[in-house]
Amino acid sequence: MTYAEYFANVKRDFMEADVSDIKEHLAYQFNIIGEASGIFYVEVKDGKLSVEPYEYYDRDAMFTATAKTFTDIVEGKLDPVFAFTVQKLKVEGNFDKALKLNELIKRRKK
């Protein structure tokens, strides 16, 4: 899978999340390593969601992992805290806001 294909799938999945009641600003950068490597960000601002294939410098947290690890987390096959514990997921930045990624994942339609 190429980065473009992976990003298209991720964007489609995240854009289905209803974040209209989230008033807090959340900004995450994802660094994909290995197959489909690349960078994208997910931002919630004023109850609106953005997913773009760019680096985000004013991020709250940055996640680094393989495409498979991120896919497993989004699909509910891998707990992100466990992934971090076993070093499949690297997290930098504000850990309180990083933990709120789970809320975004749960809000997307399955």
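This report covers the sheet, the helices packed on it, and the salt bridges of a predicted model.

Local features need pLDDT of at least 70 and side-chain atom pairs pLDDT 80 or more, while totals for chains, interfaces and linings use all residues. Residues are numbered from 1 along each chain as its sequence is written, and side-chain values use heavy atoms, without hydrogens and water.

**Sheet and helices**

Helices (H or I, at least four residues) and strands (E, at least two) are DSSP runs, numbered from the N terminus. Five strands build an open sheet with mixed pairing, in the order β3-β2-β1-β4-β5. Two strands count as paired if DSSP finds at least two bridges between them. The edges are held by β3 (48-52) and β5 (90-93), each with a single partner strand, so one side of each has no neighbour in the sheet. On average, neighbouring strands are turned by 15° against each other, direction ignored. Axes are lines fitted to C-alpha atoms, for helices over the stretch in contact, and angles run from 0 to 180 degrees between N-to-C directions.

The β2 and β3 pair is antiparallel, over 5 bridges. Within it, Tyr 41 has Glu 52 of β3 as its bridge partner.

Helix α1 lies across β1, β2 and β3, at about 175° to β3. Helix α2 (residues 67-74) lies across β1 and β4 (61-66), at about 110° to β4. Contact here means heavy atoms within 4.5 Å.

**The β1-β2 loop**

Gly 34 sits in the loop between β1 (26-33) and β2 (38-45). Its relative accessible area is 55%, which is exposed. Buried means under 20%, exposed over 50%, and partly exposed in between (1.4 Å probe, protein chains only). Gly 34 and Ala 65 are 31 residues apart in sequence, and their C-alpha atoms are 8.4 Å apart.

**Salt bridges**

A salt bridge puts a side-chain nitrogen of Lys or Arg within 4 Å of a carboxyl oxygen of Asp or Glu. The model has 9 by this rule. The table lists some of them.

| Pair | N to O distance |
|---|---|
| Arg 12 and Asp 13 | 3.4 Å |
| Lys 100 and Glu 24 | 2.8 Å |
| Glu 103 and Arg 107 | 2.8 Å |

Lys 100 is partly exposed at 30%. Glu 24 is partly exposed at 30%.

Glu 103 and Arg 107 are 4 residues apart in helix α5, about one helical turn. Asp 21 joins Glu 103 and Arg 107 in a network of salt bridges. Glu 103 is partly exposed at 35%, and Arg 107 is partly exposed at 24%.
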